[in-house]
Amino acid sequence: GAEEREHYAAKLAKQHPHLSIWVSSGSPQWYAREIFHKQGISRDRVYLDYRAQDTVTNFTTLVDDLKARGIDSVYLVTSENHMMRARVIGEIVFGSRGIILKPIAVPTDSPPESWQKSLRDGCRAMLWVTTGHTGASLRDSDHLLKQWKLLEMLETSSKNKG
């Protein structure tokens, strides 16, 4: 989701030539490839995957592919303000398949994400582990809150009429 993460991952890949790099729904494909190319990273080491729509699906769309390749630990490269939420989700989703996370935070000036987002997406990750569904509708809690208030208003209105 952030170009800085890909630059950081490319530098890490340069330092560790045995590592494969998996980018989940990051920069456009041509741009991501250019970032790794400029660091001299061979194209066959970089896997770009654009199935994810959010942080939860960053993990759920990749976990079984990684497991099938025999990968049992990964470096999680993400912005430090996003690390808590990413770790909560990753520990649940990847942990369900026995894959260990090794976090590497990319420095940022942005404030940390709220614990509420971590809790919400942790619940979504648990939902995925138990049902195979990510509960994507839960990510838009404002939308759900508006629906709840609308239902309350309708209920109150119908009681007042009766």
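The following legends describe an overall view and several close-up views of a predicted model.

The model is predicted, with local features requiring pLDDT of at least 70 and side-chain atom pairs counting only at pLDDT 80 or more, whereas totals for chains, interfaces and linings use all residues. Residues are numbered from 1 along each chain as its sequence is written, and side-chain values use heavy atoms, with hydrogens and water left out.

**Figure 1. Overall architecture of the protein, with seven helices and four strands.**
Helices (H or I, at least four residues) and strands (E, at least two) are DSSP runs, numbered from the N terminus. From that end, the order of elements is α-β-α-β-α-α-β-α-β-α-α. Of the 162 residues, 37% are buried; here buried denotes under 20% relative accessible area, exposed over 50%, and partly exposed the range in between (1.4 Å probe, protein chains only). The protein exposes about 10,000 Å², of which carbon and sulfur atoms supply 55%. Accessible areas come from the Shrake-Rupley method with a 1.4 Å probe, and for residues only the protein chains shown count as cover. Among contacts (heavy atoms within 4.5 Å) between residues at least 6 apart in sequence, 73% join residues at least 24 apart.

**Figure 2. The crossing of helices H1 and H2.**
The axes of H1 (residues 3–15) and H2 (residues 29–38) come within 9 Å and cross at roughly 35 degrees. Such axes are lines fitted to C-alpha atoms, for helices over the stretch in contact, and the angles run from 0 to 180 degrees between N-to-C directions. The crossing of H1 and H2 is right-handed, a term for the near helix being turned clockwise from the far one by less than a right angle, left-handed being the anticlockwise case. From H1, Glu 3, Glu 6, His 7, Ala 9 and Ala 10 meet Tyr 31, Ala 32, Ile 35 and Phe 36 of H2. By class, this contact has six nonpolar, one polar and two charged residues. Ala, Val, Leu, Ile, Met, Phe, Trp, Tyr, Cys and Pro count as nonpolar, Asp, Glu, Lys and Arg as charged, and the others, Gly among them, as polar.

**Figure 3. Ser 25 in the loop between strand S1 (21–24) and H2.**
Although Ser 25 is not a glycine, its phi is positive, at about 50 degrees. Most residues other than glycine have a negative phi.

His 82 counts as buried because its relative accessibility is 6%. Not counting residues up to four places away in sequence, His 82 touches Arg 5, Thr 55 and Glu 113.

**Figure 4. Ala 86 and Glu 91 in helix H5.**
Ala 86 has a relative accessible area of 2% and is therefore buried. Its contacts, leaving aside neighbours within four places in sequence, are with Thr 55, Phe 59, Leu 76 and Thr 78. Glu 91, by contrast, is partly exposed, with a relative accessible area of 40%. Ser 96 and Leu 101 are touched by Glu 91, not counting residues up to four places away in sequence.

**Figure 5. Asp 121 and Ala 125 in helix H6 (residues 115–131).**
Asp 121 is classed as buried because its relative accessibility is 1%. Apart from neighbours within four places in sequence, Asp 121 is in contact with Val 56, Arg 85 and Ile 89. Between Asp 121 and Ala 86, which are 35 residues apart along the chain, the C-alpha separation is 8.9 Å. Ala 125 is likewise buried, with a relative accessible area of 0%. Its contacts, with neighbours within four places in sequence left aside, are Ile 89, Ile 92 and Val 93. The C-alpha atoms of Ala 125 and Val 93 lie 6.1 Å apart, although these residues are 32 apart in sequence. From Ala 125 to Glu 91, 34 residues away in sequence, the C-alpha to C-alpha distance is 9.2 Å.

Thr 131 counts as partly exposed because its relative accessibility is 43%.
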